[in-house]
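The following exercises are to be worked through with the sequence and the three-dimensional structure at hand. Each task is followed by a stepwise solution.

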Amino acid sequence: MRVGILLGSFNPIHMGHLHMAASALNAELVDEVVFVPSVQNPWKKKYSADFRNRCFMINLAIDDMENCSLSSIDYRNTEPYYSSNTLKMLKEEYPDDELLLIVGVDTALQIGNWNDGDWILQNFGIITVARNGYYETGVVDIPKTLDVSSTEIRELVKEKKQIYPLVPKVIAQYIKRYNLYKK
């Protein structure tokens, strides 16, 4: 089976993430997409929504999407929370499957610079998505994703502005209900 891995902070998950997953599935590049939130990106400050809330939001967002699931495997990771450590654990979880990272082209161009980047490139296929002004071809390409970012959504929440339809309605309701991203 071909399993697409969508790594990220998902702080919060938004329509761009869902579009990436749906595009990979619809193009039949993968049979399944696994959303893998990071506990903490070693290069970013502490997330404004904790890991548990981000996992709940992912589950809510993908509830109606076929062949999509959440893996909270990064919770077993240790500091520093490098993606390579998470990916090594995923290789153990899916020993017989072909694993492909679904990433924006801007990220794909940086993987070689990540911790154990060469190992990642040797062990994972790459599905690239054109985004943020990057349109170079990668191993496999899918259409440009929606131009939205989690940072933009957090800013809109702080400014008490509308975030739906940038996020699914259920996510907008969850953020409001639990007072996330206000500070």
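**Exercise 1: An aromatic pair**

At 61% relative accessibility, Tyr 75 counts as exposed, where exposed means over 50% relative accessible area, buried under 20%, and partly exposed in between (1.4 Å probe, protein chains only). The model is a predicted one, in which local features need pLDDT of at least 70 and side-chain atom pairs count only at pLDDT 80 or more, while totals for chains, interfaces and linings use all residues. Residues are numbered from 1 along each chain as its sequence is written, and side-chain values use heavy atoms, with hydrogens and water left out.

Task: Determine how the rings of Phe 51 and Tyr 75 are arranged.

Solution. 
1. Rings of Phe, Tyr and Trp (its six-membered ring) pair if their centres lie within 6.5 Å; planes under 30 degrees apart count as stacked, over 60 as edge-to-face and the rest as tilted. The structure holds 4 aromatic pairs.
2. For Phe 51 and Tyr 75, the centres are 5.7 Å apart and the planes stand at 20°, so this pair is stacked.
3. Phe 51 belongs to helix α2 (residues 51-62) and Tyr 75 to the loop between β3 (68-70) and α3 (83-93), so the pair ties together parts that are 24 residues apart in sequence. Helices (H or I, at least four residues) and strands (E, at least two) are DSSP runs, numbered from the N terminus.
4. In contrast to the exposed Tyr 75, Phe 51 counts as buried, at 12% relative accessibility.

**Exercise 2: Lysines over rings**

Task: Identify the ring over which Lys 88 lies, and do likewise for Lys 91.

Solution. 
1. The criterion requires NZ of Lys or CZ of Arg within 6 Å of the ring centre and within 35 degrees of the ring normal.
2. Lys 88 lies over the face of Trp 119, at 5.4 Å from the ring centre.
3. Lys 91 lies over the face of Phe 124, at 5.6 Å from the ring centre.

**Exercise 3: Backbone geometry**

Solution. 
1. Most residues other than glycine have a negative phi, and most peptide bonds are trans.
2. Pro 165 is placed in the loop between α6 (150-158) and α7 (169-177).
3. With 1% relative accessibility, Phe 10 counts as buried.

**Exercise 4: The largest pocket**

Task: Which residues lie nearest the centre of the largest pocket, and which element supplies the largest share of its lining?

Solution. 
1. On a 1 Å grid over the protein atoms alone, a pocket is an open set of points where a 1.4 Å probe fits, with protein on both sides within 12 Å along at least five of seven lines; lining residues have an atom within 4 Å of a point.
2. The lining comprises 50 residues, of which Gly 8, Ser 9, Asn 41, Lys 44 and Tyr 47 lie nearest the centre.
3. The largest share, 5 residues, comes from α6.
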